[in-house]
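Please look over the sequence and the structure shown below, and then follow the briefing, which takes up strand pairing and helix packing in turn.

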Amino acid sequence: MEQSRDGIVILDQTGQVIESSQRFADMIGHSLDSMTRLKVFDWENFFPPEQLLEMINRVNEKGDHFETTHLRSDGSTYDVEITTNAAWFDGQKHIFCICRDITERKQIEAEKENLQAQLIQAQKIESVGRLAGGVAHDFNNMLGIILGRLEFAMEKVHKNDSVHVDLKEIETAAKRSADITNQLLAFARKQPVSPRQLDLNDTVENMLNLMGRLIGEDIDLIWKPDGSLWSLKMDPSQIDQILANLCVNARDAITGVGSLTIETGKHSFDEKFCSEHPGFIPGDFVRLTISDTGCGMDKNTLDNIFEPFFTTKGVGHGTGLGLSTVYGIVKQNKGFIHVHSEPGQGTCFNIYLPRFKGQNKTSPTMTGEKAEKMV
Ligand SMILES: Nc1ncnc2c1ncn2[C@@H]1O[C@H](COP(=O)(O)OP(=O)(O)O)[C@@H](O)[C@H]1O
Ligand SMILES: [Mg+2]
């Protein structure tokens with residue numbers, strides 16, 4: 001009993017301890033002397049007493065095997081795997097329990113499952129992206145021809161001609177289609193980009209007016225720039241796309257009045273932090289946070305938001321391409337996204353973009369304390 005790495009305890013038919021190994025006493029946090037005063041109900045944390053008694057009753061020489069949790073004397077719990085066997089001495093049934101602490105194994109299993117789920121999700125998005133991107137690419141080329149020919153045709157008909165009105169309608173639809181294919185291309189990371197060194201605060205500030213108009217008067221726009229931000233290297237129009245998509249979503253999520261907060265910040269993550277926080281990548285990152293006081297999302301919605309064409313909005317209201325565009329842009333720039341949301345609790349999108357460590361051509365435009373601004 002004392003040599004075993006597992007804790008061993010022997011119970012009588014009422015669940016009372018007859019004998020315990022030192023290891024088992026340590027596992028549940030009691031002294032060895034006090035063990036014979038305990039009953040199985042004192043540490044068993046999953047099965048109710050009636051069920052435990054029934055299990056004790058049922059166990060025979062063939063034994064039983066199950067997982068459960070135990071309660072330590074300090075109130076904490078741990079996962080444990082139990083192997084039981086019954087033996088009779090002097091007509092009395094004795095239950096031998098071998099208790100293996102499987103906390104670590106459980107943790108590793110959970111981590112593995114989590115990683116597996118993340119991998120499957122990433123692969124899914126990757127393959128849908130490839131498909132969507134391929135279609136969008138061909139589609140875009142054809143739309144180019146349609147729009148080009150339209151221009152020729154419109155030059156040939158007089159403005160007052162009724163055919164001109166028809167052509168104008170075709171042009172509107174073709175341009176709208178081009179917008180959609182462009183979003184798909186952004187998701188598939190096939191959009192041509194011209195990255196340059198930029199200050200995220202400046203880029204956001206340039207968009208604030210437009211965003212204010214986008215969300216309307218009932219929603220307060222709050223701007224909290226980090227006063228000493230690091231530089232980024234990316235196409236500023238991509239930041240605009242991210243902001244526009246997230247603002248429109250926040251607006252749609254808010255009924256009546258509410259607020260939308262845009263915040264910037266900087267963070268460094270090390271290997272250890274990232275191993276404990278799935279989805280995070282080691283390195284220096286600039287953070288762009290967009291949070292709203294809207295309706296929030298349930299887990300099921302959250303799991304799907306980055307998939308192209310996923311929308312909870314009615315036909316004609318959502319395309320389901322907003323967040324997939326954001327995802328594509330962030331991935332293209334080697335960043336990552338973290339979303340918190342709960343039904344009724346609003347939503348917070350944290351976008352992390354890698355710091356640009358090249359030559360600093362411009363000095364930071366904002367200095368001093370963190371400002372808070374209402375627009
Ligand atoms: N800020 C938000 N608050 C609540 N739900 C959101 C928010 N942003 C996105 N969503 C959910 O994610 C879905 C996908 O968003 P998106 O890709 O932009 O497509 P769309 O806006 O066209 O539906 C939305 O339909 C909505 O259910
Ligand atoms: Mg949207």
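Predicted model: local features only at pLDDT ≥ 70, side-chain atom pairs only at ≥ 80, totals over all residues.

- Strand β1, which covers residues 7–11, is joined to β2 by 3 bridges, and the two strands run antiparallel.
- These strands belong to an open sheet of 5 strands, whose order is β2-β1-β5-β4-β3 and whose pairing is antiparallel.
- Because β2 (17–20) and β3 (64–71) stand at the edges and each has a single partner strand, one side of each is left without a neighbour in the sheet.
- On average, and with direction ignored, neighbouring strands of this sheet are turned by 30° against each other.

- Two packed helices are described by the angle between their axes together with the distance between the axes.
- For helix α4 (residues 162–187) and helix α9 (residues 322–332), the axes come within 7 Å and cross at roughly 40°, which makes α4 oblique to α9.
- The crossing in which α4 passes α9 is left-handed.
- On the α4 side the contact involves Gln183, Ala186 and Phe187, which meet Ser324, Thr325, Tyr327, Gly328 and Ile329 in α9.
- Sorted by class, this contact of α4 with α9 holds 4 nonpolar and 4 polar residues, while no charged residues take part.

Notes. Residues numbered from 1 in each chain as written. Chains lettered and ligands numbered in written order. Axes fitted to C-alpha atoms, helices over the stretch in contact; angles between N-to-C directions. Helix = DSSP H or I, 4+ residues; strand = E, 2+ residues; numbered from the N terminus. Parallel < 35°, antiparallel > 145°, perpendicular 65-115°, else oblique. Left-handed = near helix turned anticlockwise from the far one by under 90°. Contact = placed C-beta atoms within 7 Å. Nonpolar A, V, L, I, M, F, W, Y, C, P; charged D, E, K, R; others polar. Pairing = 2+ DSSP bridges.
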